[in-house]
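Visitor: I would like to learn how to read a few features of a protein model, beginning with a sheet and ending with a core.

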Amino acid sequence: MTKNLRNKLILILCVIGASIYFTFPVQKHINLGLDLKGGMHLIYRVDADQLDDNAKKDAVLRAIEILRNRIDGMGVAEPVIQRQGEYQILIQLPGVTDRESALSMIGTTAKLNFYIVNDNPQKLQEAIKGQIPRGYMLKYIKKEDNEPILLEKKVALSGETVSDARVDFDQFTSQPRISITFNSDGSKQFAKVTEKSVGKRLAIVLDDEVLSAPNIKEPILGGSGQISGDFSFDEAAILALSLRSGALPAPLILEEERTIGPLLGSDSIKAGINATLTGMILLFIFMGIYYLKAGIISNISLLLNLLLIFGSMGFLNAMLPQSQLTLTLPGIAGIILTLGMAVDANVLINERIREEIVNGNPIQGAINNGFSRALKAIIDSNTTTLIAAFMLFQFGSGPIKGFAVTLSIGLMASLFTALFVTKTIFLLAYNAGLLNTLPMLSFFKQTKINFVSKRMICFVISIVLVIASFVVLAQKGSKAYGIDFVGGQIQEYRFQTPIETDDLRGVLKKVGLDEAIIQQFDQFPENVIIRTSHGADTTASIEEGLRNAFPNNGFERLRIEQVGPVVGKALRKAALLAIIFALGGILIYVGFRFKHFDFATAGIIALLHDVFISLGILVILGRQVDLLVITALLTIAGYSINDTIIIYDRIRENMAKGGRKNLSEVINTSINQTLGRTILTTITTLLVVVTLFLKGGEVLNTFALCLIIGFIAGTYSTVFIASPLVLAWEKRKK
């Protein structure tokens with residue numbers, strides 16, 4: 001073993017050791033997103049329109065501090081509460097599944113005031129008729145048959161003077177109530193108010209609702225009091241916590257909600273891991289059988305690639321504790337694309353080594369030449385995808401950023417394992433006498449198909465498919481898109497036994513939701529997804545209707561997602577910008593790298609062709625376009641441009657050889673030379689994705705289906721669209 005080879009081996013072992021250290025135990029080093037472990041993701045907007053300019057400046061910061069106190073009081077482990085934009089607040093509550101309590105606690109403004117009641121019956125009757133006396137306001141007592149009550153407009157005592165609030169029970173009725181304690185200033189003011197108003201009623205008003213209006217029988221000098229209002233214990237506890245934390249400076253408006261139940265989160269993890277492992281086992285078996293010794297080396301490289309991804313995430317989390325990376329479903333998509341490109345790099349290397357052996361080179365020379373000839377194509381394909389990932393991170397929204405980060409880490413790992421680790425293992429095995437021969441199976445002999453001659457037929461087929469996709473999207477309108485882009489609410493439930501869609505439709509009609517969209521999956525018949533476009537939260541009415549209609553068929557809430565129209569518009573804009581800039585970056589790089597913008601433009605057109613066809617077929621199959629589908633489309637785009645660049649690289653190589661071949665012959669030769677790699681890469685990638693579709697769970701089902709369609713479309717466009725399109729333009733120029 002040479003010194004250089006020994007140093008490489010030591011470096012690889014050190015990297016493996018560090019990756020293991022920063023990966024295991026996984027739960028310590030890798031943070032799972034809420035979509036994998038369950039919890040609540042909320043975005044609130046501080047409604048500061050009614051505040052003066054000075055109050056607006058720190059309204060969001062004051063709201064964050066108050067919300068932090070409330071959430072700490074709930075005992076939530078490692079919550080995220082941070083400013084987002086000018087008036088938005090992002091809140092993430094891992095493991096919280098009591099949705100109603102959390103929303104009530106966070107969304108309650110908790111502005112408490114005390115008002116003196118005017119019990120003059122004549123003035124009250126005038127107020128009810130619409131003639132409210134000056135200096136008064138008409139209210140109704142909550143939960144007491146809406147008893148009308150006339151209050152003085154002037155606040156007798158502000159709730160800002162409350163220093164503590166606790167739940168206890170009325171000794172006579174045993175009903176929960178809230179005992180409040182005032183600070184020293186509040187105690188003096190409360191004593192003064194009650195002393196001057198003996199015999200009158202004092203209304204307790206919270207967030208513009210009158211909770212109760214007890215009589216003042218005598219001055220209250222102890223600095224404490226009780227609030228009763230026909231509360232349940234949970235309601236009283238939430239209200240007490242809100243009062244202890246203080247009133248928010250302005251109301252909060254819920255603009256986005258994603259509540260994932262623990263069952264769905266654990267299901268997503270188990271299904272995703274099992275499907276990925278099954279797919280990878282099939283992939284390893286295929287690589288081992290097809291490439292034999294070289295396939296075993298490729299499999300070792302792929303395993304190390306996966307270890308490096310998680311090890312890098314764990315390392316970055318340890319080094320940057322304030323900026324933790326989180327593994328989410330879009331992140332898993334990034335890993336899948338990374339593995340696809342890693343497989344492609346190994347297939348490309350093995351095919352190049354095979355060519356060198358066929359040309360009569362000795363094993364060591366074939367290994368060195370194979371890696372050398374594959375180098376440019378691997379670097380070009382990974383660089384274009386890295387450019388796209390950078391643009392997606394810069395301009396995309398949260399889920400797209402997660403995809404971009406994981407993809408970037410994976411691509412770096414893929415380059416290292418494919419070009420450094422794999423070659424080192426090859427040379428070690430050769431020096432050990434294990435590679436005296438390097439046999440490989442060959443399902444795809446050297447073909448001589450005239451692909452270019454079929455370009456016009458393929459162009460027509462592609463144009464028809466793309467137009468059909470646009471027509472379908474136009475016909476479906478907003479129904480083609482998920483709530484991420486058009487707003488609305490999604491509720492998903494799992495029943496003990498499957499229910500019929502017609503029965504469910506009848507339940508929704510009874511609760512006034514005739515236009516609700518129902519979605520079920522053949523693979524998961526017990527699961528039901530209900531989408532409504534109403535602005536209001538329809539969860540309570542739907543669940544009550546389901547309980548009444550199916551008393552013997554219990555159900556569990558899996559997730560609730562709600563997106564307001566403003567957030568939907570912002571997500572749509574972010575996704576569009578991310579795609580535009582990613583495509584622009586690819587166009588510029590490929591144009592300069594191949595010194596010909598015809599190649600770059602043709603590659604982008606082929607990429608868009610794959611994306612639009614995937615989108616159209618997906619919608620035809622009744623699936624909706626959401627952020628996870630956008631992530632799948634970005635994955636398809638990365639796969640497509642990678643595939644195209646491999647052929648472009650071979651065209652560049654063949655053109656550099658000179659000779660008398662014209663461009664048409666060079667393109668045909670290049671496509672035929674890379675056809676085996678193109679088909680093999682598609683087969684190996686589909687092994688993982690099809691397994692994900694069949695076994696990956698309901699959450700990843702649409703995502704995997706989109707990838708299957710896109711990868712097949714990408715293979716077709718690589719062979720029949722991208723390079724022939726360059727030829728068509730060249731002929732038109734002449």
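Guide: We shall take a sheet and then the nonpolar cores. This is a predicted model, in which local features need pLDDT of at least 70, side-chain atom pairs count only at pLDDT 80 or more, and totals for chains, interfaces and linings use all residues. Residues are numbered from 1 along each chain as its sequence is written, and side-chain values use heavy atoms, with hydrogens and water left out.

Visitor: In what order do the strands of the open sheet run, and with which pairing?

Guide: Strands of a sheet pair through backbone hydrogen bonds, either parallel or antiparallel. Here the open sheet has 3 strands in the order 9-10-13, paired antiparallel; strands are DSSP runs of E, at least two residues, numbered from the N terminus, and two of them pair if DSSP finds at least two bridges between them. Strand 10 (residues 176-182) is joined to strand 13 over 4 bridges, with Ile178 opposite Ile227.

Visitor: Which strands stand at the edges?

Guide: Strand 9 (162-169) and strand 13 (224-227) do, each having a single partner strand, so one side of each is left without a neighbour in the sheet.

Visitor: Which residues have the most contacts inside the largest nonpolar core?

Guide: In soluble globular proteins, nonpolar side chains tend to be buried together. A nonpolar core is a set of buried (under 20% relative accessible area, 1.4 Å probe, protein chains only) Ala, Val, Leu, Ile, Met, Phe, Trp, Tyr and Cys residues joined through side-chain atoms within 4.5 Å. The largest has 142 residues, and Phe426, Tyr648 and Phe703 have the most contacts inside it; helix 21 (residues 627-656) gives the most to this core, with 16 residues.

Conventions. Buried < 20%, exposed > 50% of the residue type's maximum accessible area, 1.4 Å probe, protein only.
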